[in-house]
Amino acid sequence: YLGEITGNSPTTSGLGGGLLHTITGNGLCVEDVPKVGENNCPVTSRSDTEIVCTIPPASAGTLDVTLHGPDDTVLTAPQQITMDEALTPIIESYDPEEVSVAGGQTLTIVATGIGDSPTLALRSEDGETVSLEVSVTESGSLTATLPSLPPDDYDILLFTA
């Protein structure tokens, strides 16, 4: 196995994770399992030169990014990820709490610690995630137009970049 990691980013995340993390290199293979600390980093796309995964939630601190490959090979990325509580947004309120399945309604979220480029998604009880286009209002709240969704209870996932 001759894979190597040449770079990785971003190098900071809130404690909830959720950001896409890009690992670049050469000779990466389909069997490579990316990890942040001891937790798997679920893969969203991969090629022989790039793996993109979703940073998992973790406690505050600095964690190694590794690829676990064939024959128990472990490659370590040049940059660690700092899980930073200051980058963890806190949702104070949201409205509406119930919506129709037709979509088109505006979700408004009041939150702190949203940073300059927040990202927003909804996660159903079965784990399906839908990304939403988010706008930050002058008052600092977030708004997003809800798409048509099947009936379910959804978690609101708010991340900072």
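**Disulfide**

I began with the torsion about the S-S bond of Cys41 and Cys53: it is about 85°, so the disulfide is right-handed. Cys41 sits in the loop between β5 (39–40) and β6 (43–46), and Cys53 sits in strand β7 (residues 50–54). The two cysteines are twelve residues apart, and the pair links distant parts of the chain. I noted the terms here: strands are DSSP runs of E of at least two residues, helices are runs of H or I of at least four, and both are numbered from the N terminus. A disulfide is counted when two cysteine sulfur atoms lie within 2.5 Å. For Cys41 and Cys53 I read 2.1 Å between the sulfur atoms. The structure holds one disulfide.

I then checked burial, where buried means under 20% relative accessible area, exposed means over 50%, and partly exposed is in between (1.4 Å probe, protein chains only). Cys41 and Cys53 are both buried.

Cys29 has 18% relative accessibility, so Cys29 counts as buried.

**What I am reading**

This is a predicted model, in which local features need pLDDT of at least 70 and side-chain atom pairs count only at pLDDT 80 or more, while totals for chains, interfaces and linings use all residues. Residues are numbered from 1 along each chain as its sequence is written, and side-chain values use heavy atoms, with hydrogens and water left out.

**Whole chain**

I looked up the overall make-up next. The protein chain has 18 strands and zero helices. Its C-alpha trace spans about 50 × 30 × 20 Å along the principal axes. Of the 161 residues, 33% are buried. Contact means heavy atoms within 4.5 Å. I took the contacts between residues at least 6 apart in sequence: 57% of them join residues at least 24 apart.

**Strand β13**

I followed β13 (residues 106–112) side chain by side chain. Leu107, Ile109 and Ala111 point to one face and are buried.

Which strands pair with β13? Two strands pair if DSSP finds at least two bridges between them. Strand β12 (residues 90–95) pairs with β13 in the antiparallel sense, over five bridges. Asp95 has Thr108 in β13 as its bridge partner. Strand β17 (residues 142–145) also pairs with β13 in the antiparallel sense, over four bridges. There, Thr106 is partnered by Thr145 in β17.

**An open sheet**

I traced four strands that form an open sheet in the order β5-β4-β9-β10, with antiparallel pairing. β5 and β10 (74–76) stand at the edges with a single partner strand each, so one side of each is left without a neighbour in the sheet. Inside the sheet, four bridges join β4 (residues 33–36) to β9 (residues 65–68). Val36 stands opposite Val65 in β9.

**Ser9**

I found Ser9 in strand β1 (residues 4–9). At 39% relative accessibility, Ser9 counts as partly exposed. Setting aside neighbours within four places in sequence, I list Leu20, His21 and Thr22 as its contacts. Ser9 and Pro78 are 69 residues apart in sequence, but 9.9 Å apart C-alpha to C-alpha.

**Pockets**

I noted how these are found: on a 1 Å grid over the protein atoms alone, a pocket is an open set of points where a 1.4 Å probe fits, with protein on both sides within 12 Å along at least five of seven lines. Lining residues have an atom within 4 Å of a point. Grid points are joined across faces, edges and corners, and a volume is the space filled by probe spheres set on the points.

The largest pocket holds about 600 Å³. It is lined by 31 residues, and Gly18, Leu19, Thr54, Leu157 and Phe159 lie nearest its centre. β14 (119–124), β15 (129–132) and β18 (154–159) each supply at least two lining residues.

The second largest pocket holds about 430 Å³. Its lining has 18 residues, with Glu97, Glu98, Val99, Asp152 and Tyr154 nearest the centre. β18 gives the most to this lining, with three residues.
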